[in-house]
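Subject: Structure handover

Hello,

Here is the structure I promised you. Please have it open while you read my notes.

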Amino acid sequence: MIVDRLLEAGHPVVPIHPNAFNAARPRWGASRAKSDPGDSWKLADFLRTDGHRLRRLQPVDPATARIQALSRMRDDHVEARVAAANQLAALLGRHWPGAAVVFARLDSEIALAFLDDYPTPASAARLGEARMKMFCRRRSYSGRRSPAALVERLRRAPEPTEALPPETLTELVRAQVRLLRSLLGTIADLDRAIGAALLEHTKARLLAPMPRIGEVNLAQIVGEIGPILDRAIDVEHACAEVGATPVTKESGKGRAVTFRWCANTRARKALATFADNSRHDSPWAAQLYSNARARGKRHPQAIRILARSWMRVIWACWHTNTAYNPTRHGAEQRHPNTTNTKIAA
């Protein structure tokens, strides 16, 4: 927040890693004494002597900042939806277990509608196949379960472990249902706003054709990885910032390759999500993932290897203003499983 305000006010901001500054302390004395006035002077002197090695932060352009804010708010609301659904599941598990198992997902509209009509076990005491069929028809239920199967699930559920007065349980269930509906509505509104913002972003159109990227994931990549692509020196620098490359420590005969903890976690999650999805539609990505697994890599490691390769493709598209096209992706076309139909597309 402070950094954003400084950039908006036009002040130059130069990020300096604390470890790098701490390693430079012996320049100004062996005692390693520390004070706020002394650190201010040392930081200024460090910037004077090593400023050519450091890069100033640049404010994010308004279009990218808009997408970033929308996608982050959506992530927060999704987390809140998951928490609300878990709270509802816990409530039903204690007082109304049958309602928790009738439908596959508690945060689906059909499950919430069922809880509106049947908030307590007593309200569903006379619910049979005929009434369930009428309920499903009234709510336009298109699931794979028949009314008889839904009723069977309800009847086979365990008995409640605690008993609350029906009026109290009704109030609790309906309050949680209202909360879930509110979150589902705000997520849908944010999805529409994200789609509109992506249409206005010039760089988003370059990455939209990538395999199985989806609007939400595209917004995450543009909002979180876009600023990194703009300020990075090269693609290896960008890969390091998003956590797609490991950290290699080598001294003498010892060599260790470890996970990169210091990275933009939001950008890493966005890129890993895309990489994982892409292997289900891209033969090249699927082969790269399979080869990594065959070498003994765990799933997260294989995804990071694939993400690093996709990062090079994203870098090329971003900096050449060229939309992704599988027919121009050489590694994709050299893969034997790439069909002519896909090439023509």
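A residue counts as buried when its relative accessible area is under 20%. Cys136 has 7% relative accessibility, so Cys136 is buried. Cys239 stands at 0% and is therefore buried too.

One caution before the rest: this is a predicted model. The average pLDDT of the protein is 91. A score of at least 70 is reached by 98% of the residues. Residues 340–345 need care, with a pLDDT below 50. Beyond near neighbours in sequence, that stretch makes 7 contacts in the model.

Back to the cysteines. How many disulfides are there? The count is 0, taking sulfur atoms within 2.5 Å as the criterion. Cys239 is in no disulfide. The cysteine sulfur nearest to Cys239 belongs to Cys317, 14 Å away.

Next, the backbone. Two residues deserve a look in your viewer.

- Ser140 is not a glycine, yet its phi is positive, at about 55°. Ser140 sits in the loop that runs between α7 (129–138) and α8 (147–156). Exposed or buried? Ser140 has 61% relative accessibility and so counts as exposed, the cut-off being over 50%.
- Arg212 also has a positive phi, near 55°, and is a residue other than glycine. The loop between α10 (204–207) and α11 (215–231) holds Arg212. At 48% relative accessibility, Arg212 counts as partly exposed.

Now the largest pocket. Its volume is about 1,600 Å³. The lining of this pocket is made up of 38 residues. Which of them lie nearest the centre? They are Pro15, Leu57, Ile228, Arg231 and Glu241.

Two or more lining residues come from each of α1 (2–8), α3 (36–50), α4 (62–95), α11 and α12 (235–241). Which element gives the largest share? That is α11, with 6 residues.

By class, the lining of the largest pocket divides into 19 nonpolar, 13 charged and 6 polar residues.

Go on to Cys239, buried at 0% relative accessibility. Finish at the centre of the largest pocket, where Arg231 and Glu241 are among the nearest lining residues.

Best wishes

Conventions. Residues are numbered from 1 along each chain as its sequence is written. This is a predicted model: local features need pLDDT of at least 70, side-chain atom pairs count only at pLDDT 80 or more; totals for chains, interfaces and linings use all residues. Side-chain values use heavy atoms; hydrogens and water are left out. Helices (H or I, at least four residues) and strands (E, at least two) are DSSP runs, numbered from the N terminus. Buried means under 20% relative accessible area, exposed over 50%, partly exposed in between (1.4 Å probe, protein chains only). On a 1 Å grid over the protein atoms alone, a cavity is a set of points where a 1.4 Å probe fits but cannot get out, and a pocket is an open set with protein on both sides within 12 Å along at least five of seven lines; lining residues have an atom within 4 Å of a point. Grid points are joined across faces, edges and corners, and a volume is the space filled by probe spheres set on the points. Ala, Val, Leu, Ile, Met, Phe, Trp, Tyr, Cys and Pro count as nonpolar, Asp, Glu, Lys and Arg as charged, and the others, Gly among them, as polar. pLDDT is the predictor's confidence in each residue, from 0 to 100. Contact means heavy atoms within 4.5 Å.
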